[in-house]
Amino acid sequence: MDTIVNLCKRRGIVFPSSEIYGGLRSAWDWGPLGVELKRNVKQQWWHAMVHSRPDVVGLESSIIMSPNVWEASGHIETFTDPLVECTNCNKRFRADHIDLERSCPHCGNGPAWTEARQFHLMLKTHMGPVEDSANVVYLRPETAQGMFVDFAAVQQASRKRIPFGIAQQGKSFRNEITPGNFVFRTREFEQMEMEFFVEPGTDDKWHEYWIEQRMNWYLDLGIRPENLRLREHEADELSHYAKRTFDIEYNFPGMGWSELEGIANRTDFDLKAHSERSGQDLSYFDPDTKARYFPYVIEPAVGVERPLFAFLIDAYREEEAPTAGGKTEKRVLLKLDPRLAPTKVAVLPLSKHQDLVPVAERVADRLRTRFVTDLDITGSVGKRYRRQDEVGTPYCVTADFDTLDDNQVTIRERDSMDQERVPVDALPEHLAKRFEH
C-alpha cells in the first residue's frame, strides 16, 4: 500500500489537497498523470456501458436537486451510519467498523465507548441569500436519483423500450465518519452508475447478467482473477430499497477484501416513491402488451477512485532488467492495460544533441494529434525509459543519429522491452495498429 501511495505522490498521480495549508483530511488532488488515468477509467466504463450498447443512454443531472428528491428516496430519514466515541481519547468511529469489545484502535485504552447514535451522511448547504431551514439543499450522495426523477423524460426523448438503461458519471458527496486508506474512502468522489429498467419478473435474470458483465470488465482491463470475488449482502446489510445486492470485492493490500462495486436489484422502490411524492406518473406503458407497470431496476454502481486504485496495485511490478553494461538493475513497472495508461507514447531523443532534439520534437508533434504523447529529453536514455516504465507508458519512440540519415525511429515496448525500427512516416499508423491489439 505504502509503495503505491508513494509512487502516486512522487509521479504526479495524486497529491494531498490544500497541502500548503496543512491539507484537509481525505481530500486529494489529481495531478497531470492522475487526471489522464482517471479520464481513461471513466472512458472505458462509458464505452462498455453506453457506447458499445444499443440499450443504454447517458444523462448528466444536477448535483444540487430539490430536497423533495431526498425525502422521497429515503435519504433524509435513513442515510446514516452508527457513530461511537472513545471516552478516553474522544476519537470517533463507525460502530460497525470496529469491535466494541476491544480496546480503542486510536489510543489503545478501553473499551470505553459512548452509546451509538446515528450520524447523517448528507452534506447540507443553503441556496439563496438567506441561510434558514426553508433554503436548505443537499449535495447529492449518489447520482442514481437524477436518473429516477428523469426516467420518463429520458425514456420519451430517447424512444427506448424496456429493457433499457440510463448511465451517469459525476461527483457525489458523503460526510463519512472515518474516511481514509488513501483514495479508497473520501467525502468527495466520482461515481459511475447505471440504472437498468426491466419488466418485473425478469429482474433476477438481468441481475445475474449485469453481475457477469461487470466482473468481465475488470478482468478485461487487467485485474488478476485471484484478487476479485463476489459477495452477496446479508439480510441485515441490504439497503431499504434492495431485493438483493452483490459486491464485487478486491483484495487490497493491508485492507483485505473490500468493496469495488455494488450491483443491486433496487426493485420498483424509487420510481414508485418519486411518483407518489411528486404526483407525476413514472410508470411505463408497454406498447406491445398494453400493460402499465413500474419497472424494476438493476443498478451497477461504482466510484472511479476504487477501481483506479486497484488497477494501479495489480499493474505494479518490480523486476530485474538488463543494462547497457551487461549488468542488471531494478525496474519499476506499471503494467497497465494500454487503454488505461495516462501517457500512450513517449518520444526520447538519444541525447540532447542539437541535431536530435528538433527531430524528436517534430515526431512528438506528429503523434500528439492521435495519442497522449510525452517528449522527454532530460537524463540518460536509460533513466528516461525507467521513468516511462514507472508510469505505465506502453511505447517509447527513440530518435538517434541514424534517424538523421534513414528517417527511421526505434519503438520500444514497455512489457517485453522488445525494439523495432520503423519509418517516421509510418509511425502513427504502426502505433495505432499496436493499440488495437
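Two strands pair if DSSP finds at least two bridges between them, and both helices (H or I, at least four residues) and strands (E, at least two) are DSSP runs, numbered from the N terminus. The views below come from a predicted model, in which local features need pLDDT of at least 70 and side-chain atom pairs count only at pLDDT 80 or more, while totals for chains, interfaces and linings use all residues. Residues are numbered from 1 along each chain as its sequence is written, and side-chain values use heavy atoms, leaving out hydrogens and water.

**View 1. An open sheet of five strands, in the order β20-β19-β21-β22-β23**. Pairing in this sheet is mixed. β20 (373-375) and β23 (419-423) stand at the edges, each with a single partner strand, so one side of each is left without a neighbour in the sheet. From one strand to the next, the twist averages 25°; axes here are lines fitted to C-alpha atoms, for helices over the stretch in contact, and angles run from 0 to 180 degrees between N-to-C directions. Look next at β19 (residues 345-349), which runs parallel to β20 and is joined to β20 by three bridges. Opposite Val345 you will find Thr373 in β20.

**View 2. Helices α10 and α11 packing on the sheet.** Contact means heavy atoms within 4.5 Å. Helix α10 (residues 356-368) touches β19, β20 and β21 (395-399), and its direction makes about 165° with that of β19. Helix α11 (residues 381-390) touches β19, β20, β21, β22 (408-413) and β23, with a direction about 170° from that of β19.

**View 3. Cysteines in a structure with zero disulfides**. A disulfide is counted here as a pair of cysteine sulfur atoms within 2.5 Å. The sulfur of Cys89 has its closest cysteine sulfur in Cys86, at 3.8 Å, too far for a bond. For Cys104, the closest cysteine sulfur belongs to Cys89, again 3.8 Å away and too far for a bond. Cys104 is buried, with a relative accessible area of 3%, whereas Cys89 is partly exposed at 23% (buried means under 20% relative accessible area, exposed over 50%, partly exposed in between, with a 1.4 Å probe and protein chains only).

**View 4. Backbone angles worth a look at Pro163, Ser18 and Lys290.** Most residues other than glycine have a negative phi, and most peptide bonds are trans. The peptide bond from Ile162 to Pro163 is cis, with omega near 5°, and Pro163 lies in the loop between α6 (151-158) and β9 (164-173). Ser18 has a positive phi of about 55°. Lys290 has a positive phi too, near 65°, and is exposed, with a relative accessible area of 57%.
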